[in-house]
Structures are given as C-alpha cells and as structure tokens.
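The following exercises are to be worked with the sequence and the coordinates open side by side.

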Amino acid sequence: MSEAVAPSPSAVVEPSPKRRILRVAGWVGGTIVVVVALQLAGIDVVGWFEQLWDTVTEISIGYVILGCVFQGLQTTLTALGWYGILRYAYPGGVTYMPVLAAYATGVALNNFVPANMGTFVTLLMYVAIVKGATFPGVLGGYIVQKIFYLVIGTLIYLYLFWAVSGSFDYQFGNEWDSVSGHPVLVLGILAGAAFLLVLLLRIFWRWVKGFWEKAKEGGAILGDLRAYVKWVLLPQMGGYASKVMVIIVFLAAYGIPVTFGSVMSVLGSNQLANILSFTPGGIGVNQAFNSFALESYTDTTTATAYSLGQQLITTAFNVGFAIILICVVFGWQGGSKLVKDSYEDAKVKKEEMSEDRREKKHAKREARRAEGRQGLMRVFRRDDHADRDDG
C-alpha cells in the first residue's frame, strides 16, 4: 500500500449553513429509504430498533446515561494514550482531537465489521492525519499501545484460573500422576518444546528485526519511561477503569450481583470472545461467553439480557459519538472521505499482509525441500566416491 496520505480534511471548503441543513435532511430521507428497502428485502431493521428500544427501556434511564458517560470516558482516555504515543513519535504532527475522532471511528466500526477491521481503519487514519507517519511506524505504536492490555489481560486470566475451585485438580489430577512417573518423557517433551521455540525464533528473527527497524520510530516513547507512564500508561489505566465501570453499571442495572468475581468473569469472557469472535462486533459470541461466565451469579436469561443490553446500548453510543466527532473535527465531507478511503486501504493492507505470510510460508517450504535434496545428493556423492575408492 502506498504511504501517501489523504488530502487534509481542513482543505475541504465547508458548505453554507443552509446547504448543511439540506444535506442533513437529505441524509435523513436517504436513511429512511434505505431502512424501508432493507425491510422489504427481508432484513428486519425495524425489529432491531424495536429490540434496542425494549432493551433500553427495561432498565432505568439513569443507568443508560451513566453507562454511556463511562463508555465515552473510556474512548477519550484510551485515545489520549494513543495521542501520547503519536505525539512522541512525530512531534508537532498531530493534535488530540483528530486522534480521538480516528480512534472513536475504529471503535464504532468494530461493532459492525468482522475480524477487528475497525482497528486497521484507525491505524490507516493515523497514517493519513499524522504528519510524517508511516504504516510500519503506526504499527509499532500499536504494539506499544497493546502492552498494558496484554499485561492486564494475562493477570485476569491467572486470577480466574486460580479462583475457579478445583482448576488445578481438574487439569493436573490423575493425568499429572501418570506423567510424573515418567521423567524421561517429561524431559523429552520439554526438550522438544525448547527446540521448537529456538527454531521459530531462528525462522522469524530476521523478519522481526527488519520490522523493528521500521517500527521503532512509532514506539519511540518506550525509550522514555517517564513519558510512557505519563502519556500512555496512566490514560490507559483510566480508560480501563472506565471500562470496568461500564460493566459495573450494567450489571447493577440488570440486578446481577456486583462483586469482584462477577466483574472479573465478564472481563475474562469478553477477552475470550474478542479473540474467538468471527462475527461483526462479536454479536452472539459475547452473549454465549457472558452467560457461561455469569452462571454462578444469575440465571441464563438475565445474563443474556445484560450482555445484549450492554452491547446494544454501547454500540449505539459509539456510533453516535464517532459521527459527531468526525463531523466536528473533519467536517462531514472530509471525514466521510477519510473514513471511506481508510476502510478501503484497510481491506487492501489486510489482504497484502495475508498474502505476504502465505508467500513466506511457501518460500520456507521450498527452502527446506531444496536443502533436503542437496543433503540427499551429498550422501549419494559420498557413496559414489567411496565405491570408486574401493574399486
């Protein structure tokens, strides 16, 4: 994908207020036409809105407002962490509001597109709006941005594994007794795992080293621990605390006990659903995981209602929040073009990365085959020379 950036949205001439009103009216009318067309085509859009309304009205409006406030706070603080990364990597290249608008757009899109495509859109929007940014650099910043979430996610999994009664007995009971009686087998498995790890590092080290050379500009803030803590870690912690508060608010709204264990169960199940989800926004997958995680706290119907209600309400908020930010920061015309171009580039970039991985795997297979053929030929040559010497 080309590293060329999109034209600056600020360069777009804004229409007059009268034309803006007419354009908004046109969009409203067009939306109604699309909804009617989808309904006639058999897609129950009206049913979705009715479900959203029923879910919202099941609980007090105070819970809905409070949940949306914390959801907005989570987005703004997480975007502040992104801003710290990008500001340090590309001084003077961007201000906070465009970063917030791009991040909010990705969050909103992830509710509708599969495989976290919204994240790719956000990264490519950063390439477009941050002066001097490149995709490898922004990807390096993304790795820095994920450090905190990797650590906190691992801690949650460890807690849940430790908290579930009998986990160690279930995993390592009779099976462990049978394995512990075969130390040679255990050592062989460990040696094989170590060999595989070394082999993988040797295969991918050159790629990792080359990528790091390109990406370390975007992750430059890691070299300044104080700046990282101030501009990245603290905002991310605040954003994660807001995420926890969203869960607490909606658990309370649906009458589910709010305990440390119930909140951790929802966090852990959401993480698993995000990893294993192949549906847009993880719809259905989130409900299944949440229902399983909350089975010791409430009945399945209430757990499903909670999960669906929280997802529908936060999705509606995320979409509205992103649209408002896009219009305020970039203007509707410039913002819609930026999002559209970034989405198209995201699909191309994702396909390029998949193709690149396929080509590397094919090249490695061919290299191993060639090495095997050469080794076999060397054996044949040695045998031939030995025969001649004997003769």
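Helices (H or I, at least four residues) and strands (E, at least two) are DSSP runs, numbered from the N terminus. The model is a predicted one, in which local features need pLDDT of at least 70 and side-chain atom pairs count only at pLDDT 80 or more, while totals for chains, interfaces and linings use all residues. Residues are numbered from 1 along each chain as its sequence is written, and side-chain values use heavy atoms, with hydrogens and water left out.

**Exercise 1. Determine how many helices and strands the protein has, and what share of its residues is buried.**

Step one is to count the elements: there are 14 helices and zero strands, so the order from the N terminus reads α-α-α-α-α-α-α-α-α-α-α-α-α-α. Step two is to apply the burial classes, where buried means under 20% relative accessible area, exposed over 50%, and partly exposed in between (1.4 Å probe, protein chains only); by this criterion 37% of the 391 residues are buried.

**Exercise 2. Locate G118, decide whether it is buried or exposed, and list what it touches.**

G118 is placed in helix α5, and with a relative accessibility of 0% it counts as buried. Leaving out residues up to four places away in sequence, G118 touches G106, L109, N110 and V113. For one of these, the distance between C-alpha atoms can be checked directly: G118 and G106 are 12 residues apart along the chain, and their C-alpha atoms are separated by 4.2 Å.

**Exercise 3. Identify which residues touch the most other members of the largest nonpolar core, and which element gives the most to it.**

Begin with the criterion: a nonpolar core is a set of buried Ala, Val, Leu, Ile, Met, Phe, Trp, Tyr and Cys residues joined through side-chain atoms within 4.5 Å. The largest such core has 39 residues, and L86, M125, Y126, I129 and V130 touch the most other members. Two or more residues come from each of α3 (61–89), α4 (96–109), α5 (117–129), α6 (135–163), α13 (300–330) and α14 (332–390), and α5 gives the most, with 10 residues. Apart from this core lies another, of 25 residues, including F70, L251, I256 and M264.

**Exercise 4. Find which residues form a nonpolar patch on the surface, and classify L158 as buried, partly exposed or exposed.**

Patches are made of residues with over 30% relative accessible area and no salt bridge, like charges being joined within 9 Å and nonpolar side chains (Val, Leu, Ile, Met, Phe, Trp, Tyr) within 5 Å; a salt bridge is a side-chain nitrogen of Lys or Arg within 4 Å of a carboxyl oxygen of Asp or Glu. I147, V151, L155, L158 and L222 form such a nonpolar patch, with about 430 Å² of accessible area together. L158 is found in helix α6 and is exposed, with a relative accessible area of 54%. T154 also lies in helix α6, but T154 is partly exposed at 37%.

Note on methods: Areas by Shrake-Rupley, 256 points an atom, 1.4 Å probe, with all protein chains shown as cover. Contact = heavy atoms within 4.5 Å.
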